[in-house]
Amino acid sequence: MTSAQPVRHAEAYRCGRLFTAVAALQRLAQNEHHGLGQPGVAEKAAARPEPVLREPLREIVHYLVQARIRGHGAAADPVFRSLTDFLPPAKAVPTSLHPDERPDFHRGREEQAALITKEHPPLR
């Protein structure tokens with residue numbers, strides 16, 4: 001394993017956490033039928049995070065405002081504040097992840113989902 005591989009795996013993990021946080025905000029703003037929650041989208045994001053997250057990241061403030069309007073501000077605000085923790089160090093989401101990095105993406109998704117569910121049980 002080269003020294004660059006652990007960094008890439010850490011980026012994949014952060015991308016998984018970012019995906020889950022953005023999906024949670026999107027769900028709070030819209031409903032359970034939000035775009036990132038559709039079947040197969042997480043698998044697409046595990047392979048190509050930037051193309052999948054590009055538009056949702058552009059709309060992130062809109063999701064926060066809509067979530068607040070819908071009465072979900074208490075849950076949306078901390079999720080929104082956490083987003084910067086998940087951005088890759090270069091502040092650019094990778095356009096693709098190698099197949100051996102994808103388990104790290106999914107591990108990040110699962111751990112972030114568990115944390116959100118623990119802190120905000122109605123978001124199950």
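Arg107 is partly exposed, with a relative accessible area of 38%; the class covers values between buried (under 20%) and exposed (over 50%), computed with a 1.4 Å probe on protein chains only. The model is predicted, so local features need pLDDT of at least 70 and side-chain atom pairs count only at pLDDT 80 or more, while totals for chains, interfaces and linings use all residues. Residues are numbered from 1 along each chain as its sequence is written, and side-chain values use heavy atoms, with hydrogens and water left out.

**Salt bridges around Arg107**

- Arg107 forms a salt bridge with Glu111, and their closest N and O atoms are 3.7 Å apart; the term denotes a side-chain nitrogen of Lys or Arg within 4 Å of a carboxyl oxygen of Asp or Glu.
- Both residues belong to helix H6 (residues 102-119), where a spacing of 4 residues puts about one helical turn between Arg107 and Glu111.
- Helices are DSSP runs of H or I with at least four residues, numbered from the N terminus.
- Glu111 is partly exposed, at a relative accessible area of 37%.
- A network of salt bridges links Asp104, Arg107 and Glu111.

**Other salt bridges**

- The search of the whole structure finds 5 salt bridges.
- One of them joins Glu50 to Arg54, with 2.7 Å between the closest N and O atoms.
- Glu50 and Arg54 both lie in helix H3 (residues 49-58), 4 residues apart, which is about one turn of the helix.
- Arg54 is partly exposed, its relative accessible area being 38%.
- Arg68 and Asp77 also meet through their side chains in a salt bridge, at 2.9 Å from N to O.
- For Arg68 the relative accessible area is 48%, which places this residue in the partly exposed class.

**Aromatic pair**

- The search of the whole structure finds 1 aromatic pair.
- The ring centres of Phe19 and Phe105 are 5.9 Å apart and the ring planes stand at 55 degrees, so the pair is classed as tilted.
- This pair links distant parts of the chain, since Phe19 lies in helix H1 (residues 4-29) and Phe105 in helix H6, 86 residues apart.
- Rings of Phe, Tyr and Trp (its six-membered ring) pair if their centres lie within 6.5 Å; planes under 30 degrees apart count as stacked, over 60 as edge-to-face, and the rest as tilted.
- Phe19 counts as buried, at 3% relative accessibility.
- Phe105 likewise counts as buried, at 0% relative accessibility.

Terms used
Helix = DSSP H or I, 4+ residues; strand = E, 2+ residues; numbered from the N terminus.
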